[in-house]
Amino acid sequence: MAPLEQLDNYLSTNSYLGSKTCATLEDYKQCKEIPAKDVNADKMPHLARWHSHVSALIAKYPEFDWRGDAVPKGTAPALGGGATKEAAPKKEAAPKKEAAAKKEAAPKKDAKKDDKK
């Protein structure tokens, strides 16, 4: 189980642990491992919200969600304990190839005037 402070930090920007969109078996597992007495809502409000919500879901939908679909497995979030990966620096855009020298426009031929005299 990850430290509670890390979970709270992760849950400050995510609704669930195992998926971006719904509670998963990973959420259920993590929630069951955290005793409610260990969740301090004043110090860890995001964890408290998640724990309360997921606890209710476990009680009401232990295997299947409200639609009757199986609760998805989910994947454990990468909470990381070490250095976070920084985004790779963006590569500089390649210079555009210069447009081929435009051919000089051929002089327009003067329209021949028919001098009918």
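Which residues in H2 are buried? In this predicted model, the answer is Glu26, Asp27, Tyr28, Gln30 and Cys31. H1 and H3 are among the elements that cover these buried residues of H2. Let's walk through the chain step by step, starting with the whole and then moving to single residues.

**The chain as a whole**

- The protein chain has 3 helices and 0 strands.
- Read from the N terminus, its elements follow the order α-α-α.
- The chain holds 117 residues, and 25% of them are buried.
- Take the contacts in the chain that have a separation of 6 or more: 63% of these join residues 24 or more positions apart.

**How H1 meets H3**

- Two packed helices can be described by the angle between their axes together with the distance between the axes.
- Helix H1 covers residues 4-11 and helix H3 covers residues 45-60; their axes come within 7 Å and cross at roughly 85°.
- Because angles from 65 to 115 degrees count as roughly perpendicular, H1 is roughly perpendicular to H3.
- On the H1 side, the contact is made by Leu4, Leu7, Asp8 and Leu11.
- On the H3 side, Pro45, His46, Leu47, Arg49 and Trp50 take part.
- Sorted by class, this contact of H1 with H3 has 6 nonpolar residues, 1 polar residue and 2 charged residues.

**Leu4, a residue of H1**

- Leu4 sits in helix H1.
- Its relative accessible area is 16%, and buried means under 20%, so Leu4 is buried.
- Setting aside neighbours within four places in sequence, Leu4 is in contact with Ile34, Asp38, Met44 and Leu47.
- Leu4 and Leu47 are 43 residues apart along the chain, yet their C-alpha atoms are separated by 7.6 Å.

**Tyr28, a residue of H2**

- You will find Tyr28 in helix H2.
- Tyr28 counts as buried because its relative accessibility is 5%.
- Leaving out residues up to four places away in sequence, Tyr28 touches Ala23, Val54, Leu57, Ile58, Tyr61, Pro62 and Val71.
- For Tyr28 and Ile58, the gap in sequence is 30 residues, while the C-alpha to C-alpha distance is 6.5 Å.

**Thr24, a residue in a loop**

- Thr24 lies in the loop between H1 and helix H2, and H2 takes in residues 25-33.
- With a relative accessibility of 1%, Thr24 counts as buried.
- Beyond residues up to four places away in sequence, Thr24 touches Gly18, Ser19, Val71, Pro72, Lys73 and Gly74.
- Ala70 is 46 residues from Thr24 along the chain, and the C-alpha atoms of the two are separated by 9.4 Å.

**The largest pocket**

- The largest pocket holds about 160 Å³ of space.
- Its lining is made of Tyr16, Cys22, Ala23, Tyr28, Leu57, Tyr61, Asp65, Trp66, Arg67 and Val71.
- By class, the lining residues divide into 8 nonpolar, no polar and 2 charged.
- Here you meet Tyr28 again: this residue of the pocket lining also touches Ala23, Leu57, Tyr61 and Val71, among others.
- Val71 is part of the lining too, and Val71 is one of the residues that Thr24 touches.

Notes: Residues are numbered from 1 along each chain as its sequence is written. This is a predicted model: local features need pLDDT of at least 70, side-chain atom pairs count only at pLDDT 80 or more; totals for chains, interfaces and linings use all residues. Side-chain values use heavy atoms; hydrogens and water are left out. Axes are lines fitted to C-alpha atoms, for helices over the stretch in contact, and angles run from 0 to 180 degrees between N-to-C directions. Helices (H or I, at least four residues) and strands (E, at least two) are DSSP runs, numbered from the N terminus. Angles under 35 degrees count as roughly parallel, over 145 as roughly antiparallel, 65 to 115 as roughly perpendicular and the rest as oblique. Contact means heavy atoms within 4.5 Å. Ala, Val, Leu, Ile, Met, Phe, Trp, Tyr, Cys and Pro count as nonpolar, Asp, Glu, Lys and Arg as charged, and the others, Gly among them, as polar. Buried means under 20% relative accessible area, exposed over 50%, partly exposed in between (1.4 Å probe, protein chains only). On a 1 Å grid over the protein atoms alone, a cavity is a set of points where a 1.4 Å probe fits but cannot get out, and a pocket is an open set with protein on both sides within 12 Å along at least five of seven lines; lining residues have an atom within 4 Å of a point. Grid points are joined across faces, edges and corners, and a volume is the space filled by probe spheres set on the points.
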